[in-house]
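This report describes a structure in terms of its chains, the contact between them and selected side-chain pairs. The sequence and the coordinates are shown first, and the description follows.

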Amino acid sequence: MLRESVSEAVRLLLTDAEVWSIILRSLLVSGTAVLMAGLVGIPLGVVIGMHRFRGRGPLVSVINTGMALPPVVVGLVVFMLLSRSGPLGSLGLLYSKQAMVVAQLVLAVPLVLGITVSGVSSVPREALTQARSLGASWLQTALVAVSEARVLLLVAIVAGMGRVIAEVGAVMMVGGNITGETQVMTTAIMEEVRKGNFAPALALGIILLTIAFAANGLMARLEQRTIDT
Amino acid sequence: MGVLIKASQIRHAYDGRSVLNIEDLEVMRGETLCLLGPNGAGKSTLVRILNLVEAPDSGSVLFEGKPVKPGCLSTRRRMAGVFQHPHIFRGSVRDNVAYGLKLRRLPRREVAALTDDALEQLALEGLGHRDARRLSRGEAQRVALARAVVVRPEVLFLDEPAGNLDAAARRRFLDDLRRIVRRLDTTVIHVTHSLDEALSTGDRIAIIKDGAIRQAGPARQVYNSPADIFTARFLGYENILPGTVVGEAAGGAVVELADGGRVYTRSRMRGDVNVCIRAEEVTLHPPGEAEQVAATANRFPGIIWTVEPSGSAHSLVLDCGFELVATATRPYVQELGLVPGAEVEVRFDEAAAQLVPARVPRGQAGAAACGEGETVRERA
């Protein structure tokens, strides 16, 4: 059965438009979420990483805890916010791609933020002192911090992508796994397996694995570069 | 001239530990002020505060008589700093040198011209396109100096810029530095723990210890008249002899040493004192040598204890009733037959005997030993 499934999976990947529409939807939803998480998490992380202020320690602890948020809990909270009787129910976003983006954003932000904070915190103080001494404004100093920590910022984005694209609980809950609408790779795999259709599940699984493998490989290489420089 | 920077009542602490307590420090326009002190004295923190890179816990910095807010960008852009461990930015040597100009958003052509000039000044033309992170320490420090002077700062901060270099690179760097400072005609605040460096570059010297300024003044004056026993040790006075002023002769105090012997001075100090004499001010003569013109009243028969060769000069320890360190050139040592046990006459001028109060000001006792260590290392 396994051999048949694999060859069928390969055939689907080569020919089936439905499978590819699921893959692209997955990439679109998760990509949007991670992009937005980067736009929020990186600037905020740079600010927190560069400065020493009262309450910084507890704040960093909260962020680090957020890195391990259980997706189903995030899904539940976003569901309650967006459900018709919830505070944001009037937006009518439940069971939409936007809802999935929101849920994945909530999952990705702490990860991007946490890695950015630790990356920027580890930039040598001398770098910032030197930049300021040569006349760098606050923003120009922050750019030095970003430049010094750039590899870890990329790691933050890659890690965020790796987390949300493989996540199933939150998107299932707020997206509803509607075929052709909000079905993404992880939710599609669950459904196909439940129906006993292993071939399409395997085809999607191969893509997910490939993405995870590529992301991890990229992260490993990036981290190696941080060590080298 | 006139006061360019004035710092007053500067207090700063790290993790509750006080590192800086500056009552008053003035930097004159165009001068080179050396901040001299042992490691951990707070010199670097003071530089970061004056450079407006770090805000003090309390106190004020005045620039041209006007108080500046911590971090004030327009004032900060009239300054630049070179630090002991220069942080080289990613990119080429040229990128690093042009950095400060780009921060100021100067026109591209001007950036190029000024960068070329700075590279040439420091003999870095050939390295312009090299990866700046793959330079030797000496080269990196020259890049750090080039990128600081390229912005034509009105105040140049140098925080032990030669502290991390080997002897050859250090000499070259200090030569470059002197030449460039002369050409730039800028105010320089130079932190060092090397007395030689301070004397060769500084117009004025401020000696810092435990975050406070212990003595400040024109370089030669500080060198020749220590304020207390710590600065005396730090300034390289090998002989520090406790005693009491017992009278006056020819307008100067006469000191009865604790170990016996009377020293004539030009000082007007009274009470318990320490007599400070540099080893090189002590001269050795054959016993019974004919009296010279303008001879000093400070003449003691002595017996040589030890003769220690060190470089071109020998260091001798003598017993004159009290212990005294003297230096003599190698030929002189041979000519006079200065060997352990030999009898000599020891002389030093009244003006060479500086007095400092015997009482060590609060919190200074442990520090003196540390200062001595520094001095010994620098002179070695």
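The model is a predicted one, and the values given here should be read as computed from it. Chain A contains eleven helices and zero strands, so that its elements, read from the N terminus, run α-α-α-α-α-α-α-α-α-α-α. Taken along the principal axes, the C-alpha atoms of this chain fill a box of roughly 65 × 45 × 25 Å.

Of the 229 residues of chain A, 48% count as buried. When the contacts within chain A between residues at least 6 apart in sequence are considered, 74% of them join residues that are at least 24 apart.

## The interface between chains A and B

The size of an interface is often given as the accessible area lost when the parts come together. For chain B and chain A that buried area is about 1800 Å², of which 51% lies on carbon and sulfur atoms. On the side of chain B, the residues that lose the most area to chain A are B:R76, B:H87 and B:R90, which together account for 30% of what that side buries. The contact draws 25 residues from chain B and 17 residues from chain A.

Between chain B and chain A there are 14 residue pairs in polar contact, counted where both residues are at pLDDT 80 or more. The elements of chain B that give two or more residues to the side touching chain A are α2 (73-76), β6 (79-82), α3 (93-103) and α5 (137-149), and the residues of that side divide into eleven nonpolar, six polar and eight charged. The count of salt bridges between the two chains is one, and a salt bridge is formed where the side chains of A:E148 and B:R133 meet, at 2.8 Å from N to O.

## Helix α5 of chain B

## B:D117 and its surroundings

B:D117 lies in helix α4 of chain B, and its C-alpha atom is separated by 9.3 Å from that of B:A146, a residue 29 places away along the chain. Leaving aside the neighbours within four places in sequence, B:D117 is in contact with B:R152 and B:R183.

With B:R183 the contact includes a salt bridge, in which the two side chains meet at 3.5 Å from N to O. Because B:R183 lies in helix α6 of chain B and B:D117 in helix α4 of chain B, the pair ties together parts that are 66 residues apart in sequence. B:R183 itself counts as partly exposed, at 48% relative accessibility.

## Further salt bridges

Over all chains, the structure holds 29 salt bridges. One of them lies within a helix of chain A: A:E8 forms a salt bridge with A:R11, the closest N and O atoms being 3.0 Å apart, and both residues lie in helix α1 (residues 2-15), three residues apart, or about one turn of the helix. A:E8 is partly exposed, with a relative accessible area of 28%, and A:R11 is likewise partly exposed, with a value of 43%.

In chain B, the side chains of B:R29 and B:E64 meet in a salt bridge at 2.7 Å from N to O. This pair links distant parts of the chain, 35 residues apart, since B:R29 is in the loop between β2 (17-28) and β3 (32-36) and B:E64 is in the loop between β4 (58-63) and β5 (66-67). B:R29 has a relative accessible area of 33% and is partly exposed, as is B:E64 with 31%. A network of salt bridges links B:R29 and B:E64 with B:R78 and B:E154.

Notes:
Residues numbered from 1 in each chain as written. Chains lettered and ligands numbered in written order. Predicted model: local features only at pLDDT ≥ 70, side-chain atom pairs only at ≥ 80, totals over all residues. Heavy atoms only, no water. Contact = heavy atoms within 4.5 Å. Buried area = accessible area lost by both parts, 1.4 Å probe. Salt bridge = Lys/Arg side-chain N within 4 Å of Asp/Glu carboxyl O. Polar contact = N/O pair within 3.5 Å; in protein donor to acceptor, adjacent residues only side chain to side chain. Helix = DSSP H or I, 4+ residues; strand = E, 2+ residues; numbered from the N terminus. Nonpolar A, V, L, I, M, F, W, Y, C, P; charged D, E, K, R; others polar. Buried < 20%, exposed > 50% of the residue type's maximum accessible area, 1.4 Å probe, protein only.
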